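Please look over the sequence and the model shown here before reading on. The report then takes up a few topics in turn.

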Amino acid sequence: MSDTKLFKTVTWSAGPGCHGGCGQKLYVRDGKVVKVEGDEDNPFNQGRSCPRVLAMTQYMYHPDRITQPLKRVGKRGEGKFEPISWDEAFDICEKKMKIIRGEYGAEAMIFAQGTGRDIGGPISFLTYSYGSPNWAQLGLSGQSCYTPRLGAMKAVMGDFTVTDCSQFLEKRYEDPAWQRPEVIMVWGQDPANGCPDAFMGHWVVDCMRMGTKIISVDPRQTWMTTRAEHHLQLRPGTDAALALGMLNVIINKDLYDADFVRNWTHGFAKLRERVQEYPLDKVAAITGVPAESIEAAATFYAKSKPAAVHWGVPVDMSPEGTSVAHAIICLWSVTGNIDVPGGNVIARPSHGVSSYPYSTEELVELYGEELVQKLTKKRIGADVYPMVKNFRGWAQPDMAIDQINSGKPYPIKGAWIQTANILGGQAARARLHYDALKKLDFVVVVDLFHNPTSMALADIFLPAATFAEKDSFRAWWAPLAVIKKRVQVGECKSDWEINFEMAKRFNPEGMQRWNSVEDLFNERLASSGMTFKEIQDKGGWVMPEEGPCKPYLRHERGQLRKDGSPGFQTESGKVELYCTTYESWGLDPLPHYVEPPQSPTATPELFAKYPLIMITGARSQLFFHSEHRGIPWLREKEPDPLVQVHPDTARKFNIYDGEWIHIKNDMGKVKRKVKITRKVHPENIQTLHGWWLPELKGPEPDLFGVWDYQINQLIPGPQCSTSGFGGGQYKTTLVTLEKIGNMGENNG
Amino acid sequence: MAKYGLLIDYNYCTGCHSCEVACQQEHGYPEGKTGIKVAEFEYETFKGLAIDFLPYPTDLCDLCVSRQKNGERPACVKHCQSRCMEFGLLGELVTTMEKGHKMVIFAP
Ligand code: SF4
Ligand code: SF4
């Protein structure tokens, strides 16, 4: 490979899809990427790679990849598209979207993203340039993915925290400032497969090798739970009760960190009172976890120093997700594990750079108070839900789709869908989403491949670039990195380029500040004191420097608050166990438990009909949400949509391993192939979301088999926590299993 | 006689599939063809369920000879997310194994 050149860059993300920030080496020959390997020098992944990034070449040069802008020529959904130039595509989008803005107001356009890519930056930029308040993860019931946890952390502690696996330190595990967590309590995640939200799951495995013990809170059995010191196998959705039960043990047995509680927390006495409502016998009855196990795990967690909590999306997807998060925050707070080495370390984007605004604060920094306030007035859900109004610029997704459907209180006429396979992925009530979105006057899809959403809805399809084909920057915790374009595939453009061009057309005055996307990057990177090029010249990434973005004990050093005094960025300057912010928003200022809306005790009649709790939404190393089903190296390792069923349950339903069956409830039925395994509890089943089969026909009515395999058709709604964020029922929906009549017809 | 081999510390193999795709990419194998395959084992023990993964080199494993020439580790070893694979002289791998448990050595 002598004529092969090697370039280093950083992912985020089309390709692997995820939110990790691995350093990767691209081997380029004749303008094509021929191999991708992990960059040993990058502290994030230290040379390792996931299977999805290793399959990059199959992804980038896939025959199904869309590499030219497309215009729909047949009826919507008919699958007839024609290639057009970028100029024509931009002109059409401009014209149609200006008509909508002129006739109905900018709020009549919704800007829908999924997760993945560096999308939050460019899509919020376009949304605000156009003037719409409606930026949403459309379909994601309750916005139940990380936002509820982020909102809770901001309200209770004024900052975000993550498990400290040394990721903020350049020398990583070798840095003497770091300490190995004695215990990591993994709450509702399987880090070996988990979504790398700026966190590589295998860091937990690294810590285990060095001696860290694991407490697993998980209704399933996984590689990690079978290696855990304590595994609390709770009933899905009962996380808050479990957390409150653990707090009950820790507080009543005086296992908390009295100094930290005295010096740095607010409302401990009230929390103490509240946890009395959760004695262990009651908690055991709710969660199904034996009282002795809860007591032992809580004691183990509290006595281990330092200890960290690593949590996952089931927290958000529990009813009252923001209250569940609050309860877990109380766990790491009363044990004094905040911003200590090996604990829950405060996470700020390195160098204070923001690209994907995580809070209203960041939005205001980027777009100014006036615009953000003006838009908040019209944002869907902001007048109903306090957290939608006060934390982060998202529209409330359940309300958004209902509004698209009803046209009330104001009509939505168009959608700009970027990184979001709504119909094949996140949409609870997926059918309703289909029906409602079909009514829109104009739909743009920006993606890399056709999928059920683009096939059913797109009037214009704009082809996006992978990380190897784009300039961008990555500002999510650490390091701060730039992504450097190395090759071009077809006519694909980066999301930033596409949205920058469109923004110029909608807001020419505001856009005069920047001549190029790189100018815009440089402005956003300003707080680092470096330009895009300078970071590139430094090797492409920089670790946090001494200051508010680098651990540890920043609350003691006066590095968290704007006024420079010690303490946390909250009203009281303390961690608010009793949360005055929640109180001012009309929410319960203390954590509490709410039973899932569908459950054996909440809805016994429904349970008699649908006696299994279905867990969906787990992550996989092979597929990022609804992506990668067409990538041969990945798909061959899990070719079929499986449902995990316990052997006892299989016997009860008279089904065999490998049998194709229907999972069913009042919302509909979906096909799955049975995988009999003890990994699931007999009362639960588990199945991956995001299944559609790219090898099937795209045009309607097939839509790549989405209506046969899209599991989120069975997830009811609208549903969300009182705060507006959290509570999508992806982990707690009741279902039953049904044999498919004729064996000849059912093989997928 | 093979002098080199792969040591797998399979207590730590999480079944992430990186070794498999790394091998396929390195050798340009299409799907269905691979130098290494990860198997999963699920069984009951006295303490409850056990879940183990074990990658095993197939007939196609050439221990990445072309990488060895460049002084690089095999593709699977380099990318293993839990770093549970080691490449080396069989005699030396045995020494590592004497100190561990749940390990195997393959001499493909
Ligand atoms: S050593 Fe090389 S050829 Fe053998 S399994 Fe690993 S990657 Fe494949
Ligand atoms: S890469 Fe390592 S951890 Fe992943 S499956 Fe292969 S051997 Fe196991």
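## Where the chains meet

Arg227(A) and Asp52(B) form a salt bridge, with their closest N and O atoms 2.6 Å apart; a salt bridge here is a side-chain nitrogen of Lys or Arg within 4 Å of a carboxyl oxygen of Asp or Glu. Across the interface of chain B and chain A the rule finds seven salt bridges.

This is a predicted model, in which local features need pLDDT of at least 70 and side-chain atom pairs count only at pLDDT 80 or more, while totals for chains, interfaces and linings use all residues. Residues are numbered from 1 along each chain as its sequence is written, chains are lettered from A and ligands numbered from 1 in the order in which they are written, and side-chain values use heavy atoms, with hydrogens and water left out.

The contact (heavy atoms within 4.5 Å) takes 37 residues from chain B and 37 residues from chain A. Between them the two chains bury about 3,100 Å², 50% of it on carbon and sulfur atoms, where buried area is the accessible area (1.4 Å probe) that two parts lose on being put together, summed over both. Gln25(B), Gln81(B) and Arg83(B) supply 22% of the area that chain B buries against chain A, more than any other three residues.

## The nonpolar cores

A nonpolar core is a set of buried Ala, Val, Leu, Ile, Met, Phe, Trp, Tyr and Cys residues joined through side-chain atoms within 4.5 Å, and buried means under 20% relative accessible area, with a 1.4 Å probe and protein chains only. The largest such core has 217 residues, and among those with the most contacts inside it are Trp187(A) and Met246(A). Helix H7 of chain A, residues 239–252, gives the most to this core, with ten residues; helices (H or I, at least four residues) and strands (E, at least two) are DSSP runs, numbered from the N terminus.

Leaving aside neighbours within four places in sequence, Met246(A) is in contact with residues including Met185(A), Trp187(A) and Leu331(A). A second, separate core of 37 residues includes Ala395(A) and Phe461(A).

## A residue in a loop

Ala618(A) is found in the loop between strand E22 (612–616) and helix H24 (632–635) of chain A, and Ala618(A) is buried, with a relative accessible area of 11%. Not counting residues up to four places away in sequence, Ala618(A) touches Arg220(A), Gln686(A), Leu688(A), His689(A) and Lys731(A). Ala618(A) and Gln686(A) lie 68 residues apart in sequence and 8.4 Å apart in space, C-alpha to C-alpha.

Methods
Buried < 20%, exposed > 50% of the residue type's maximum accessible area, 1.4 Å probe, protein only.
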